[in-house]
Amino acid sequence: MKKQRNYNLIIGLALTIALALMALIGHFWTPCSPTAMDASAVNLAPCLKYPLGTDNFGRDILSRIMNGSGITYLVAVCTVLIGAVGGTIIGAFTGYFGGIPDEIVMRLNDVLLSFPSVLLALLFISFLGEGTANLILALGVLFIPSFARIVRSEMIRCRDLDFVRSAKVTGVGTLRIIFAHILPNSLVSMLTSAAIGFNNAVLAEASMSYLGLGVQPPHASLGRMLSEAQSCLYVAPWYAIAPGVTIILMILGFSLISEGLRKVQNH
């Protein structure tokens with residue numbers, strides 16, 4: 001039987017890599033300065049000099065998207081790393097040992113997961129203040145419960161399997177069993193969760209920046225660009241279309257990757 005190609009994973013990786021390369025290039029080089037204003041080039045339609053047009057301050061939209069995408073990816077990567085590391089540690093120990101601490105932590109998890117992440121992020125930002133670093137910290141902490149639940153379920157599934165029992169009989173330490181024996185067998189599930197986490201982080205960053213609580217001027221951000229585009233939606237619709245399509249493509253790429261990883265997991 002011929003093995004079917006995992007097109008979701010292939011297309012998702014290709015799309016995500018292409019956007020990530022654009023963001024990486026935008027960190028070092030852009031066609032124009034993403035913050036330079038030109039009063040003579042306000043709200044220009046797409047043309048040879050400005051392929052995606054200009055905004056209401058005369059800034060090149062392509063340059064701002066290239067630069068702003070990098071910030072969005074940075075926020076997403078840092079957020080998922082904080083959530084994954086914190087959630088893995090909590091979920092690994094509570095799932096492996098179980099008992100009363102496990103019940104207490106999971107009930108706290110249930111409470112946190114019952115609230116929309118954006119609302120909780122707003123609460124955190126109100127205490128921490130605006131800015132990219134505070135946004136990363138707030139979102140990263142809020143992502144911990146979802147990763148903790150997934151790792152915990154994997155620990156419960158694997159802790160009584162034969163290879164774990166054999167490791168215990170041969171005198172292997174608890175930490176080695178958790179991190180060297182069980183976690184590697186949960187890698188696909190964790191990667192799937194990370195892809196979904198990237199999706200949520202991109203949406204959360206765009207939402208918070210749209211509200212003016214994330215990335216602050218003069219730095220470019222896809223969410224802030226959408227917010228600024230509201231004031232000139234009928235005069236320069238291309239200003240809203242370009243960052244909106246970029247966000248959609250980012251989310252589509254991560255969604256296809258998560259679907260592809262699910263197929264790998266099921267096989």
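**Helix packing and a few residues**

Guide: Happy to! Helix 4 and helix 5 are oblique to each other. Please keep in mind that this is a predicted model.

Visitor: At what angle do the axes of helix 4 and helix 5 cross?

Guide: They cross at roughly 135°, and the axes come within 9 Å. Helix 4 covers residues 117-128, while helix 5 covers residues 132-158. Angles over 145 degrees would count as roughly antiparallel, so this pair is classed as oblique.

Visitor: Is the crossing of helix 4 and helix 5 left-handed or right-handed?

Guide: That crossing is right-handed.

Visitor: And which residues of helix 4 and helix 5 meet?

Guide: From helix 4 you have Ser-117, Leu-120, Ala-121, Phe-124, Ile-125 and Leu-128. On the helix 5 side, their partners are Asn-134, Leu-135, Leu-137, Ala-138, Leu-139, Val-141 and Leu-142. By type, this contact has 11 nonpolar residues and 2 polar ones, with no charged residue.

Visitor: Nice. How do helix 5 and helix 8 pack?

Guide: Their angle is about 155°, with the axes 11 Å apart; helix 8 is residues 187-210. Helix 5 and helix 8 are therefore roughly antiparallel to each other. This crossing is right-handed.

Visitor: Which residues of helix 5 meet helix 8?

Guide: Helix 5 brings Leu-135, Leu-139, Phe-143, Phe-147, Ile-150, Val-151 and Glu-154. The contact of helix 5 with helix 8 divides into 11 nonpolar, 4 polar and 2 charged residues.

Visitor: Let's zoom out. How many helices and strands does the protein chain have?

Guide: There are 10 helices and 0 strands. The chain has 267 residues, and buried ones make up 45% of them. Its C-alpha atoms fill a box of roughly 75 × 55 × 30 Å along the principal axes.

Visitor: What share of the contacts with a separation of 6 or more comes from residues 24 or more positions apart?

Guide: Such pairs account for 71% of those contacts.

Visitor: Why is helix 9 largely enclosed by the rest of the structure?

Guide: Because 6 of its 8 residues are buried; helix 9 is residues 222-229. Those buried residues are Leu-222, Gly-223, Arg-224, Met-225, Glu-228 and Ala-229.

Visitor: Changing topic: where is Thr-54?

Guide: Thr-54 is in the loop between helix 1 (7-28) and helix 2 (61-97).

Visitor: Buried or exposed, that Thr-54?

Guide: Buried, with a relative accessible area of 0%. Its side chain reaches the backbone nitrogen of Asn-43 at 3.2 Å. A polar atom of that Thr-54 side chain also lies 2.7 Å from the backbone nitrogen of Leu-44.

Visitor: What else does Thr-54 touch?

Guide: Leaving aside residues up to four places away in sequence, Thr-54 touches residues including Ala-41, Val-42, Arg-59, Ile-61 and Trp-238.

Definitions and conventions:
Residues are numbered from 1 along each chain as its sequence is written. This is a predicted model: local features need pLDDT of at least 70, side-chain atom pairs count only at pLDDT 80 or more; totals for chains, interfaces and linings use all residues. Side-chain values use heavy atoms; hydrogens and water are left out. Axes are lines fitted to C-alpha atoms, for helices over the stretch in contact, and angles run from 0 to 180 degrees between N-to-C directions. Helices (H or I, at least four residues) and strands (E, at least two) are DSSP runs, numbered from the N terminus. Angles under 35 degrees count as roughly parallel, over 145 as roughly antiparallel, 65 to 115 as roughly perpendicular and the rest as oblique. A crossing is left-handed if the near helix is turned anticlockwise from the far one by less than a right angle, and right-handed if clockwise. Contact means heavy atoms within 4.5 Å. Ala, Val, Leu, Ile, Met, Phe, Trp, Tyr, Cys and Pro count as nonpolar, Asp, Glu, Lys and Arg as charged, and the others, Gly among them, as polar. Buried means under 20% relative accessible area, exposed over 50%, partly exposed in between (1.4 Å probe, protein chains only). A polar contact is a pair of N or O atoms within 3.5 Å; within protein, one must be able to donate a hydrogen and the other to accept it, and residues adjacent in sequence count only if both atoms are side-chain atoms.
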